[in-house]
Structure formats: structure tokens, C-alpha cells
Amino acid sequence: MQNTLSLFHLAAAPSLRPHRSTLAALLLCANIGLLLYLAAGTPAGWAGIDWLDVVGEGGSALLTLVWLVMLLRSRPPGRVTRWLSGGLGCVFFSLWMDCLDEFVKLPDAVTWDKWLESGPMPVGLLLITVGLYHWHCEQRAISAQMEKRERLFREHRLFDKLTPLAGAEYLRRQLDLSLRQARAERRPLSLVALDIDDFDAVNRRFGHGEGDALLLALSHLLLLNLRHQDLLCRLAGDRFVVLLPDTGERVAQDIACELEAAVASFAYHTQGQDERLRLRARTAALMAVDEDAETLLRRLNLGLRDERRDTPPAA
Amino acid sequence: MAPPRAPAASWYECDEAFIPALHQPAVAIDLALSRGHSLRAMLRGTGMTEDALRAGRLLVSPRQYLALLDNLERLMDAPDTGFLLGQRLLPGQYGVHSQALRGAADLLEALERLVAARALLTPLLAPRLHLDARHACLYWVDACGCGDQRRLLVESAMTAVVAMARALTGRRLPWQFHLAHPQPRHVEQYWVHLGDDLRFDCRMDRIGIAREHLHQPLPDHAALAGPAACAASRAQIAALPGEAGFLDRVHEYLCAHSGLPLNLERVAEAFGTSPATFKRKLHKHGTTFQAQFDAARTHVALHLYEREGLGNEAVAARLSFSDTTNFRRSFRRWTGCAPSELRRLLRGG
């Protein structure tokens, strides 16, 4: 659990800081190339410059640099980042040298400039290819970590801002897809909703920061108690919903009971006062009949309310 | 005939700085900070500075508080922002005002104290309490021009009262919710933070409950400290530029005199200003006389239908319409639907 947590935080704060040496090396190379050209050749007159070439090659070099910065900003350092940034660096260098020869005329005796212009390009493309392959492997590993939190499609804008789960909007879209799939394949589909009793009291007694930490811990606890094909989302506040594909009402009831038991035996200690909290969850389970996502969610929600009426108020 | 004078003619306007920044604005800032946003981003465009905020005695205007909430909503970019804010607002940590709420004998007294101290406890959206033999309802009026932020403010105001009632009574009460806006995409936030008994598209924002729930003695009732805190709270409110927002006062006046043939000139006279100044003030708060007048008459009409059980003819007469056809046409213009439709909506049919 600790691992997933730190992974999440690492990914949450991308910055260029750890990549400063990579960028510095690239700028140094570009500078050396420029100096070499200036030492060996003479500046071309304004008349000798082909501006179409300058815009085409210079613009491509600039865009490659933008890609490189975007890549570095969005990734922590590591093997895949090294392959991809090295490849993009080579491509940038090649295009840069290509653009420079528009401004500096080299004597015909010089042949190394061809190597500097055309050599790094295939190397760079090769490096990018290797990088992309490893990126694909990495993506599969990360997807495995996202198991039970993501199904069928990815949309980062629908992720919850607090817990590492998706929110209600993602659930709605998933539910739409899954309902259609279940109907087409004539398989059952069930939902379980879970709500923590008197969660407000935790916020009031220990502060909202503690309530947030508890929600985060609960989301991990619930994930551990689900099967690999299930999807856990946070609907709102302290209410979670589990989408159970290929599951009938009976099994859904059993899963709901298991989740309740898991929450009841969860030994959560507050961060501030280190106090042991005793939590109780309330659940509702139901199977989808012929209805759309919105009606199903509403029915599930009303199921929780009926449960609530049966239990005496915790005064 | 001279128009009746506006009672208690003191009000605050949207550009008067009187809200202590360390009260509710600080709650909004803390919420943003707890989600990893920077203080600088929160204060951008509000005219508040970090130094003045840290010095502790900064006062902000309703307009600045509104700009702060605008930043909050944009930075949080989540459907639960209003609800998270509301959970943190009441009874809050606002000195004697919070003590007065906490020390109330019953929920009704707490709500009355909330309404009395609304200038500081909910400066943007003013709560008003309506009581009859069996029902109580609390509805909210725009105090000084909240514009596009109305939904966020309503969500947070309702959540604040529901959370306060829950904290004071220790129970989850069966509130009924009427909301002016159409059902939003994130209706699940309403289910979880407010309750299931929701009606949208109602042309007014109010919560209702059976009166018996308001008279249960509260466990934390402070028989001695409660009234003392309440008196201190009232004294502080009296020292403000006004006890209610400008639009709140206008609404109050228009509702109280809805039977009279009112127009801009007469109301301006009652408020002791020239029609031009009155019009300018309304404009400053993002509204017009006609909009306020229509909203007030809708409000009175619904009250007469629901609480006094009057029919179309009686309501038309009370609002000084010459005939029902005329009244029904006007009602449709104010609300977009016929009286019977809206009454059915409010009943939840």
C-alpha cells in the first residue's frame, strides 16, 4: 500500500528540476556544433540564405525541443526517460546542424559536416523506437497497478482529486458501457454502494485533514477486498460504489457483507492523536435490470437510505 | 400617498470592506491549501495581499470574498467544492458568533441567531426563516449580487446549515430541499452531502423541515454563556455598516409591500435615495428593479399558495392584480411556467 501511495505522489509533482543535466548537455552540444561551424567556415551573405529551408529545418528543431521539454516535465527520471530524451536530443541536434549550414558556408574540403547533419538522425530515431517499446512495457506494468481502479478506458480528467480512484462521472460512463456489454452478452451486472456511518463526526472531532486521510486509507482497504475485474469509484464524500461485472445479486450481497466486515475490523489510527477509530459501514447491493445508468445509480442510492431508516440514529 | 419607509434602513453594499478575512475567507483559503493549491493563486485578482492577510486584521468586501470563491472553484475544479466549503463554515470559529450558535437551547434558536448574524455568518447569501404552525423553512436571498456563483453559494449555504444541525443535534434530520437551478450532472453530491428529498427547478432555494425537529433540546445548550454570546454577537453586528445586504433589504421591502402598486421611484424614495442613485446601486449589484420586483412577487405568490393555501384569485388580489388572467400571464413571465405547474413541482408531483 505504501508503494502505491508514494508512486502516486511522485507522479503528482512533475518538474524539470531532476532533468537539468540532460538539458545542459544538449545545449552544450548545440553550442559546440555552432562554434565548430564558425571556426571552419565563413558566414553566408544575406543573399545566400534559403529562408524556406531555415523555416522548415529551424521550425522542426524548435518543435523537437518543445517535445523534449514536455517529455521531461511529465516523467520522473529513469530508463525509459533516458532512451526517449536521448533520441529526441539526437534528432534535435541533427536538425539544428542542418539549419546552421544555411547561415555558415563551409569550404568544399570539409566533409565532417555531413556526418554531423545526417549521422545523429537515424541514431536518434532508433533510440526513440527502443524508448517507445520500453514505454509500452512500462505502461502495461502501470495498468496492472491501476487494476480495480480503471476499466476499459482511461480519462485522467475524471480522476478524483483526493483518493487514487475515479469519480462519479467516470463511473457513469463505465456503467453505460458495462450495461450495454452485459445486455449484449446476456450476463448479469451488479453494483454495491458503501457509506461510512457518522463520517462527519470524524471530520468534526479530528479535523478535515484527518477525514481526508481516512478516505484515502479506506479506498486502499476496499481495493484489497475486491476481485481483479471489479471497479471501485468514489461517488461523493464518504460514499463508494463498486461495479461488479458478471455478478448476480447473491454474490453482490456477499461482497457487500465482506466489505462491511473489512471496514468493521479496520484498525485505523488517527495521525494526530493516534486514536483508534471504530468504523461501521452501511452497504446496498443490487443487480441491474433493464435500466439506464442514471436510474440504476438513483435506485442504489435509495437502497442506502432504506438501510439507514432501519438502523437507529447514532445519537 | 407616500410609500412606507424601509424599516431598519441600514445595509451593506458589495464594495464595503467589513468581513474579517480570518473568518470565512480563511476557511475557503484553508480548503484550497489543503488540496495543494498556493496562497498566491487563491489571492490572485482579489485585491488581498499575503502580508495583510497574515497581519490578521484585514477586512474584505463581499465582492472580494466572491472573487476569492471564484478562484477556489476554478482551482479545485471538482463538483464537490461547494459542499466541502459548506461543511467547514458553520458553526465555525468566529468568536462570539460561533459561541452563540453552539450555545443555543434548540435548533430554532440557533437558526434565529444565524439569521440575526447573517452579515458575518453568510454575507453573500442571506438566509431568512419562515415559520408556521407545523413547518419551518429557511430560504436564501442574494445579499449583494452573487451572479454566476449562485449555485456554489447555495450548495455551500445548504450544506453548512445541514452540517451545523447535524453537529448540534447529533442526528441526521429529514430536511426537504428545494433548489432554483435545474438538476446538475453531479446530483450524487447532493445525495451524499444533503439528502435524498431533493427538488430542482423550483425558482427558489430553501430547505424545509417539520417544526418538531427544531424544538428538541440541544445537548450542548449553554444556558448562561449562550445568551451572553448572543448579545455580544448582536452588538458586533450593530457596529457594521449594515445588518443585511442591499439586495436583501430591497427584497425584504418588496415582499413586505407586495400589495402596493410599487415602482422604482417609490421604492427609491422609501430607501431615502433619488431614483437615479437607486438604479445605479441596483446596477452595481448586477440586477435591475424589475428583476427584483418580479422575484419578490414570485416569492410572495408561492408563499401564499403553499402556506396559506390560497387560490389564484386570492393571490392575484393580494398582489394587486386586476384579474387572474393578467396575474397568470405575469406569473408565467416571472417563472417560465404556470402557477399550477410550479406548485406541482414544489410538492414533488
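Tutor: Chain A has a radius of gyration of 29 Å, whereas a compact globule of 315 residues would have one near 20 Å; the radius is taken over C-alpha atoms, and the globule rule is 2.2 Å times the number of residues to the power 0.38. This is a predicted model, in which local features need pLDDT of at least 70 and side-chain atom pairs count only at pLDDT 80 or more, while totals for chains, interfaces and linings use all residues. Residues are numbered from 1 along each chain as its sequence is written, chains are lettered from A and ligands numbered from 1 in the order in which they are written, and side-chain values use heavy atoms, with hydrogens and water left out.

The C-alpha trace of chain A spans about 95 × 50 × 30 Å along its principal axes. A:Leu243 and A:Asp108 illustrate the extent: they lie 135 residues apart in sequence and 71 Å apart in space, C-alpha to C-alpha. Chain A contains 11 helices and 8 strands (DSSP runs numbered from the N terminus, H or I of at least four residues for helices, E of at least two for strands). A:Leu243 belongs to strand β5 (residues 239–245) of chain A and is buried because its relative accessibility is 0%. Buried here means under 20% relative accessible area, exposed over 50%, and partly exposed in between, with a 1.4 Å probe and protein chains only. Of the 315 residues of chain A, 43% are buried.

B:Asp294 has another salt bridge, with B:Arg333, at 3.5 Å from N to O. That pair links distant parts of the chain: B:Arg333 is in helix α17 (residues 324–335) of chain B and B:Asp294 in helix α15 of chain B, 39 residues apart. B:Arg333 counts as exposed because its relative accessible area is 53%.

A:Arg227 and A:Asp230 form one of them, at 2.9 Å from N to O. A:Arg227 is partly exposed because its relative accessible area is 27%, and A:Asp230 is buried because its relative accessibility is 0%. A network of salt bridges links A:Glu169, A:Arg172 and A:Glu294 with B:Arg185 and B:Glu188.

The whole structure holds 20 aromatic pairs over all chains. In one of them, B:Tyr12 and B:Phe18 are tilted, 4.5 Å centre to centre with 50° between the planes. Rings of Phe, Tyr and Trp (its six-membered ring) pair if their centres lie within 6.5 Å; planes under 30 degrees apart count as stacked, over 60 as edge-to-face and the rest as tilted. B:Tyr12 is buried because its relative accessibility is 1%, and B:Phe18 is buried because its relative accessible area is 4%. One aromatic cluster consists of B:Trp11, B:Phe246, B:Tyr253, B:Phe271 and B:Phe278.

Elsewhere in chain B, helix α1 (residues 24–34) is mostly covered, with 8 of its 11 residues buried. Among them are B:Val27, B:Ile29 and B:Leu31. Just after this helix, B:Gly36 has a positive phi of about 85°.

On the surface of the model, A:Leu28, A:Ile32, A:Leu36 and A:Trp112 form a nonpolar patch with about 370 Å² of accessible area together. Such patches take residues with over 30% relative accessible area and no salt bridge, joining like charges within 9 Å and nonpolar side chains (Val, Leu, Ile, Met, Phe, Trp, Tyr) within 5 Å; areas come from the Shrake-Rupley method with a 1.4 Å probe, and for residues only the protein chains shown count as cover. Helix α2 (residues 20–40) of chain A gives the most to the patch, with 3 residues. A:Ile32 lies in that helix and counts as partly exposed because its relative accessibility is 45%.

Terms used: Salt bridge = Lys/Arg side-chain N within 4 Å of Asp/Glu carboxyl O.
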